[in-house]
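Student: I am new to this structure. Could we go through some of the charged pairs and the reasons behind their labels?

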Amino acid sequence: MKDHFTLTRRSFIRTTAAGSLALGWLSGGRTPGAFAAEGSKPALLGGTPVHKGGWARWPEWREDWEPELLKVFRSCRWFRGSDNRVEEFERGYAQLLGAKACLATASGTTALMVSLHVLDVDAGDEVIVSPYTFIASYNAILSRMALPVFADSDPATLTIDPGSLESRITERTRALMPVHIFGMPCDMDPISAVARKHKLAVVEDACQAWLAEYQGRKCGTIGDLGCFSFQESKHIPSGEGGAITGMSEELIDKCNSYHNCGRAAGTNKGNGCFTRGNNYRMTQAQAVMLMQQFDKLVKQTAIRRANADYLTANLGQIPGITPVRLPDNSRAVWHLYPFRYDAAHFNGLSRDKFARAMSAEGIPCGGVYHEQYYDGLLDEAIASRGFKRLWGADRLKAYRDSFQELKGNKQVCETTVAMTQNMLLADRGDMDHILEGIRKVQAHSAVLAKAA
Ligand SMILES: Cc1ncc(COP(=O)(O)O)c(C=O)c1O
């Protein structure tokens, strides 16, 4: 990996998986004894890597999934309306989450777009969103011709800081969009309290949070609607795909109508295409792929959690490494496993160089999201004819200036290091390699900091 900071999360996952194959790493061959490699030469400078076993490839394919899929292909009933497999998936996914209802969609992005439409986010409205997220969270709001207004991130949790919400509310604010980033639940109680007080809708971006839990409830069932992604890198993938979940059948029926060209659905009755709509439907084959992965998702979530708990318990003992804090009574699912890195405890070794040294040790990791609000898409949006028609110049200028207030998020972007979820599917000895790798890089950080 050349530069972790320029990698997107998806290419990062592919690189981690494919990179290990390209190097022909074999399983086994571990350095015996915890932290045995601390004294040896860093792999980046020609020493032996701490971890030589590679990591599980992602996504996975299982041959026993093939007969059910073949049935779909041979039936020639591929479109949602031709058979009942998508509905079957929706019932199963709702049950898995304890949601009242679920609608399958073409992607996580379209799930967010449909939800915002149904919750009446309209042109000229504002939606308060986590800044530390995949860019689709911003884009879904922009596609409603609404303004994504950024709350700050809490450096301790990496998620939205509930204390930063109220100061962002204007008379145009219609909704809050907390993002359970990396599968770590946002602190939903104070977020819901702000929403109730100001009569705002809540769309949970749970696109990375399948089975994550907060106060005994699954993410995606706490706000008005929750949105999931089943894109290829996800814990339950079907190439592309998404879902909306919620506790109101009426709302999900409205989502169904909008995602299906405005046709009637359940309680949302009318003639023909009686309401606005689009085509964001899932196909039968995607639904079958997903249903066959329900058990695997549950089992692998338990493995990722056990390994993440082990890392969290041990990483906190390494000076300069701070594991992420979760809200009380919540359980993450770790789409990425993040921690915060303080170069001061590593002889000033930059995060980039730390990541390169770790990758050389066979433990790929790196920074994830940067301050994307400076990338140009928001400048382009607010310079567009449509946005200029909908907001005055003063508001758009204040909006642009407000990015500088995101001090917590800047810190999160600059200090977070993460490993991909497939690494958490390995065994305890491999988790020890991760800890050993960090200690080794720390022990050699002075020389590594001087190296190019
Ligand atoms: C936090 C978040 N929101 C939204 C999305 C969009 O999902 P999709 O890629 O399925 O459109 C993703 C996907 O990576 C995501 O991680």
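Tutor: Gladly. This is a predicted model. Start with a group: E68, K71, R85 and E88 are linked in a network of salt bridges.

Student: How many salt bridges turn up in the whole structure?

Tutor: A search of the whole structure gives 18.

Student: What makes R85 and E68 a salt bridge?

Tutor: The distance between their side chains, N to O, is 3.2 Å. The cut-off is within 4 Å, for a nitrogen of Lys or Arg and a carboxyl oxygen of Asp or Glu. So 3.2 Å qualifies R85 and E68.

Student: Which parts does this pair tie together?

Tutor: R85 belongs to helix α3 (residues 85–97), and E68 to helix α2 (residues 66–75), so the bridge joins parts 17 residues apart in sequence.

Student: Why is R85 called buried?

Tutor: Its relative accessibility is 17%. Buried means under 20%. R85 therefore counts as buried.

Student: And what is E68 called, at 22%?

Tutor: Partly exposed. That label covers values between the 20% and 50% limits.

Student: Is D154 buried or exposed?

Tutor: Buried. Its value is 19%, and the limit is under 20%. R325, at 47%, counts as partly exposed.

Student: What else is D154 in contact with?

Tutor: Leave aside neighbours within four places in sequence. D154 then contacts T159, D161 and V412, as well as R325.

Student: What makes R356 and D352 a salt bridge?

Tutor: Their closest N and O atoms are 3.6 Å apart. That is within 4 Å, so the label holds.

Student: What separates R356 and D352 in the helix?

Tutor: About one helical turn, because they are four residues apart in helix α10 (residues 351–360).

Student: Why is D352 called buried?

Tutor: Its relative accessible area is 18%, under the 20% limit, so D352 is buried. R356 has 26% and is partly exposed.

Conventions: Residues are numbered from 1 along each chain as its sequence is written. This is a predicted model: local features need pLDDT of at least 70, side-chain atom pairs count only at pLDDT 80 or more; totals for chains, interfaces and linings use all residues. Side-chain values use heavy atoms; hydrogens and water are left out. Helices (H or I, at least four residues) and strands (E, at least two) are DSSP runs, numbered from the N terminus. Buried means under 20% relative accessible area, exposed over 50%, partly exposed in between (1.4 Å probe, protein chains only). Contact means heavy atoms within 4.5 Å.
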